[in-house]
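Hi everyone, thanks for coming.

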Amino acid sequence: MIIARTTADLRAARAAACSTVGFVPTMGALHDGHLSLIRAARGDNDCIVSSIFVNPAQFGPNEDFNAYPRTLEADLAQLEQAGVDIAFIPPVEDIYPTGFQTHVEVEHVSQGLEGARRPGHFRGVATIVAKLFNMTQPTVAYFGQKDAQQVVVLRRMVADLNFPLHIAVIPTARESDGLALSSRNRYLTPQQRADDPQALRALIAQHLTNQSSGEVEYISIAHPQTLRELDAPITHPVLASLTVRFGQTRLLDNILLPAHLNTRDGLTQHLGRV
Ligand code: AMP
């Protein structure tokens with residue numbers, strides 16, 4: 001694997017060895033989600049280029065730029081092991097030299113969801129990805145569905161600015177209990193990580209209280225065959241059942257929650273959709 005630290009090195013390595021290039025941009029602290037993008041790229045292209053760059057422009061002033069995990073040596077070993085041909089690890093001064101003043105703004109699709117909570121985030125993402133596309137000149141660029149809005153923003157940018165490449169979107173890689181892999185998962189405490197049934201009951205109760213005038217009688221998170229109430233972290237489907245009273249009327253319902261919803265995040269997303 002060639003390690004390119006400058007754009008000139010990247011371009012020289014690309015020109016010498018690659019006709020089609022699969023490109024996987026990352027911020028490092030690599031995990032199996034990143035590697036699933038690289039695995040997808042491997043089948044489709046002559047060469048794989050992967051970048052590691054913690055992009056200051058996409059972090060807000062109160063976000064975790066300084067605390068973002070940096071594990072460069074382990075990352076390079078993983079890239080090599082995964083079959084990456086060129087690792088691009090530019091220093092920040094080369095990407096944003098003194099006098100830098102050009103940005104890419106993708107207007108409407110950047111505004112909701114993450115964009116509403118992280119002002120400037122997608123301007124930073126679009127700008128760095130546009131620069132990386134120009135430096136790498138990939139045939140196909142690979143992104144994770146985990147960052148769904150990012151995919152929409154970048155597809156819009158590629159169409160609007162006529163980048164001559166294809167964007168491929170790879171499904172979210174998850175832990176066995178459903179948590180989406182993320183470089184930031186390492187900051188969860190064991191307590192936060194082991195979301196337990198009591199947290200699910202509380203979440204459902206809160207959702208019902210916010211969304212309806214009914215009075216919750218009970219909420220059960222139980223084993224689907226034995227119906228034993230669960231109190232330890234769960235890695236299998238559970239039967240969530242409840243009754244709610246509206247005056248004299250008592251309603252009973254239940255749902256079999258698949259394993260990937262058995263976390264606070266999974267269920268929060270699910271409840272957001274129903
Ligand atoms: P990051 O290093 O977090 O900027 O992520 C680099 C790329 O990996 C982005 O395209 C992400 O969407 C993708 N990615 C991050 N986590 C996952 C995951 N759990 N599954 C699939 N792709 C992911």
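**Helix packing and salt bridges**

Let's start with Glu-114, which is partly exposed, with a relative accessible area of 37%. Keep that residue in mind, and also keep in mind that what you see is a predicted model.

So what does Glu-114 do with its side chain? It meets the side chain of Arg-118 in a salt bridge, at 3.9 Å from N to O. Arg-118 also has a salt bridge with Glu-63, and there the N to O distance is 2.5 Å. Now look at where those two sit. Arg-118 is in the loop between helix H5 (113-117) and H6, while Glu-63 is in the loop between strand S3 (47-52) and helix H3 (72-81), so this pair ties together parts that are 55 residues apart in sequence.

Buried or exposed: which is Arg-118? Well, its relative accessibility is 16%, and the cut-off for buried is under 20%, so Arg-118 counts as buried. Glu-63 comes out at 28% relative accessible area, so that one is partly exposed.

There's another pair I like. Glu-229 and Arg-201 meet through their side chains in a salt bridge, 2.8 Å from N to O. This one links distant parts of the chain too: Glu-229 is in the loop between strand S7 (215-222) and strand S8 (238-246), Arg-201 is in helix H9 (residues 197-211), and they are 28 residues apart. Glu-229 counts as partly exposed at 39% relative accessibility, whereas Arg-201, at 12%, counts as buried.

Which residues make the contact? From H6, you have Phe-122, Val-125, Ala-126, Val-129, Ala-130 and Phe-133. From H7, you have Gln-149, Gln-150, Val-153, Leu-154, Met-157 and Val-158. Sort the contact of H6 with H7 by class and you get 10 nonpolar residues, two polar ones and no charged ones.

Terms used. Residues numbered from 1 in each chain as written. Predicted model: local features only at pLDDT ≥ 70, side-chain atom pairs only at ≥ 80, totals over all residues. Heavy atoms only, no water. Contact = heavy atoms within 4.5 Å. Helix = DSSP H or I, 4+ residues; strand = E, 2+ residues; numbered from the N terminus. Nonpolar A, V, L, I, M, F, W, Y, C, P; charged D, E, K, R; others polar. Salt bridge = Lys/Arg side-chain N within 4 Å of Asp/Glu carboxyl O. Buried < 20%, exposed > 50% of the residue type's maximum accessible area, 1.4 Å probe, protein only.
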